[in-house]
Every structure is written in structure tokens, then in C-alpha cells.
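Reader: Can you walk me through this one? Start wherever you like.

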Amino acid sequence: MDKHTVTVFRGDGIGPELVEAAMKVLDCAGAPLSYEVFDVGEAEYERNGKLIPDEALASFERTRVMLKSPITTPVGKGFRSLNVTLRGKYNLYANIRPVKSIPAIETPFKNVDIVIFRENTEGLYAGVEDVISEDEVHALKIVTRPACENIIRAAFDYAVKNGRKKVTCVHKANIIKRADGMFLSIFRDIAKEYPDIEADDKIIDNTCMQLVMRPEQFDIMVMQNLYGDILSDLCSGLVGGLGVVPSSNMGADHAMFEAVHGSAPDIAGQRIANPTAFLWSACLMLDHLGEKDCADRIRNAIDQVLNEGKHLTRDLHGNAGMDEYVDAICEKL
Ligand code: ATP
């Protein structure tokens, strides 16, 4: 069988452990993949003076598919976030984050099944800041029609393709009248092209309250960059935390798959991190490559281990280390 070649960024903190875990599970599942693996991020910068080696970018430009573990951007050295740079450089405009209740994981919330579509290339992440004086700084929120259209259309197309019922636009157009107003008005225009999908909108602050009171009312949610960043973490908390939320970053030509969480330096090297979010990100990558059967096998094995509840990691109130959890998944496979 022909193998798909994918680029893997090993990253910082818990990144290397997660990559090791994912490769083990992918191998056990017989995933038809071959890897081009690169060290990137802070540790790589300290070793070789570059955050991302040129060969690593060349590989992604060739393979167009990346599994990326979390990367730390050195703070205070003037670097732009590597994540923001990669999303911008390859125009990975749609950050898609599925958040779903896991029956075996106890939380006060049931039946959460939300997919967040976060605009990934502009907004306050454009990094346009002006220091007017020692006491005044302006941060510019950039909103362009093509980027709004891309993310909103991606949300509706996903709803159609995946049999979802509703898309909610989240915004603050009552205060940020022009920038968020344009996002909302483009949303309303595009919604008309999808008469079978219910479309509504909510102000971000009300959305936060609704999410922690009645999260089951939400289906697909689409929003600008910073709102998406914040709501993703909030939604992760509804279903068991950052250890269980994967994501894809999709552009017209390239696709990058990563967990929503960061490099978790507080637990790095201890092999206690929960690799589920990263494993599910790898499954999203397999779906993208047309290997849905293989992805489903891995998802089933993970479900079985989670449901049995015997080998859960600490963030899910278990005692297992990462290796015990991964071995249990491989056993099922
Ligand atoms: P970033 O700014 O890069 O998004 P962050 O500052 O939000 O990162 P994370 O690295 O995501 O922080 O970690 C937040 C908290 O969640 C930390 O206490 C970390 O240990 C925990 N955490 C993150 N990922 C995992 C994981 N996979 N398993 C267990 N705990 C995790």
C-alpha cells in the first residue's frame, strides 16, 4: 500500500513525548504513513539558533500535511509566536476544534457536541501594535472580507458535509461596530446560501454564560481569532480539559493538525501528560488523508480505554502515566 508522507514537528515541553506516543499508536494501527520529523521551537533555537529549521518548512511545503506538537515561542526575545507565523505563512485560515462530551469522563455537563471555527490569520493576532507614548499603546484588530468569508463559508460547508443543524456567529458587534459588524453582516449574507442550516448569532459575553449553563444548545460556532482562542479553552473545560480537544488548521493548500493545548512545561518530561488530544489530532489528519477507517480504529480503541476507566491519566482523575495509557490503547488495537 502507498504510504502518505507527513511532516511532524516535535516541539517543546510535552511535545516530544506526545510525538513518541502518537507514532506508537499510529504504528499499532498500521497507519499507512511515513514521517519527516523535525525538532522545532525553543529547544531547537537554543541548539541551532533557529526556531524552525529551513528543511522543516521545506518538508511541509512538499508534504502539505503536518502533525504538530506544541511549540514554545521564546518570550521577551522579540519573536512572533511560531503558531501565529505558521498559520499566517501558509494561510491556514480555518482553525477547527471539535469539543465533545466523553461519556466516561465525569463533568457537570452532558451532551456537549460543539465544533468551533476560529478565524486563524488576522484579528488582534495580526500583531499590529503602536506604541504612542510610554503611557499609551494601540493594538489594531485587522478584519478583512476574504478572511471573514473563508472562515464563515468553512463553517457552513462543514455543517452541510457533516449533517449538522446550526451555525452560531459569536461576536461583539454591539461595541466593535465596524469590525465585528462586518463579520456579522458577512455571516448573515453567507447564511442565506445555506437555507437548510439554521443560522443565529450571539454576543461573546452572553455566549460564555450560555456555554456554562446550557452548552447543549450550541452546534457549530464561528468567530474571530481571539474569541476562538478563549472560547476553545472554555469549551475544553466542559468536556474534561485541554487533554481531550484536538484541532485542525486548514488552508487551501496545506493542513496542520495539533492539540489545542500548549507545551505544558509544568509537566514536561514526567510522562504524565494526556496524549488523547494529540492522538485525536492525528486521527483528524488520517481523515484528511482519506484514511478514515484507520482513524476510526484508533478512535474506537481510545473510546474503549476511556470507557473502561482503568488507565486514565491524572488530568482525567486517573493514576496512569502516559505510557500505561498508550499501551492500553495499543492493546485494544
Ligand atoms: P499556550 O499559551 O501555548 O496555549 P497555555 O499557557 O495555555 O499554553 P498549556 O501548555 O496549554 O498552557 O497548559 C495549561 C495547563 O493545562 C497546564 O497546567 C498544563 O499542565 C495542562 N495541560 C495542558 N495540556 C495537557 C495535557 N495534554 N495533559 C495534561 N495536562 C495538560
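Author: Start with Cys-169, whose bridge partner in S9 is Asp-201. The model is predicted, so to speak of a local feature takes pLDDT of at least 70 and a side-chain atom pair 80 or more, while totals for chains, interfaces and linings use all residues. Residues are numbered from 1 along each chain as its sequence is written, and side-chain values use heavy atoms, with hydrogens and water left out.

Reader: How many bridges join S8 to S9, and do they run parallel or antiparallel?

Author: Strand S8 (residues 166-171) and strand S9 (residues 198-203) are parallel and joined by 6 bridges. Strands pair if DSSP finds at least two bridges between them; strands are DSSP E runs of at least two residues, helices H or I runs of at least four, numbered from the N terminus.

Reader: Which helix makes a unit with S8 and S9?

Author: Helix H6 (residues 179-191), in a right-handed β-α-β unit. Right-handed means that, with the strands pointing away from the viewer, the path from the first strand over the helix to the second runs clockwise.

Reader: Switching to the ligand. What polar side-chain or backbone atoms lie by its nitrogen atoms?

Author: A polar side-chain atom of His-261 is 3.2 Å from a ligand nitrogen, and a polar backbone atom of Asn-274 is 2.9 Å from a ligand nitrogen. Polar contacts here are pairs of N or O atoms within 3.5 Å.

Reader: And which side chain has an N or O atom 2.9 Å from a ligand oxygen?

Author: That of Asp-266.

Conventions. Polar contact = N/O pair within 3.5 Å; in protein donor to acceptor, adjacent residues only side chain to side chain.
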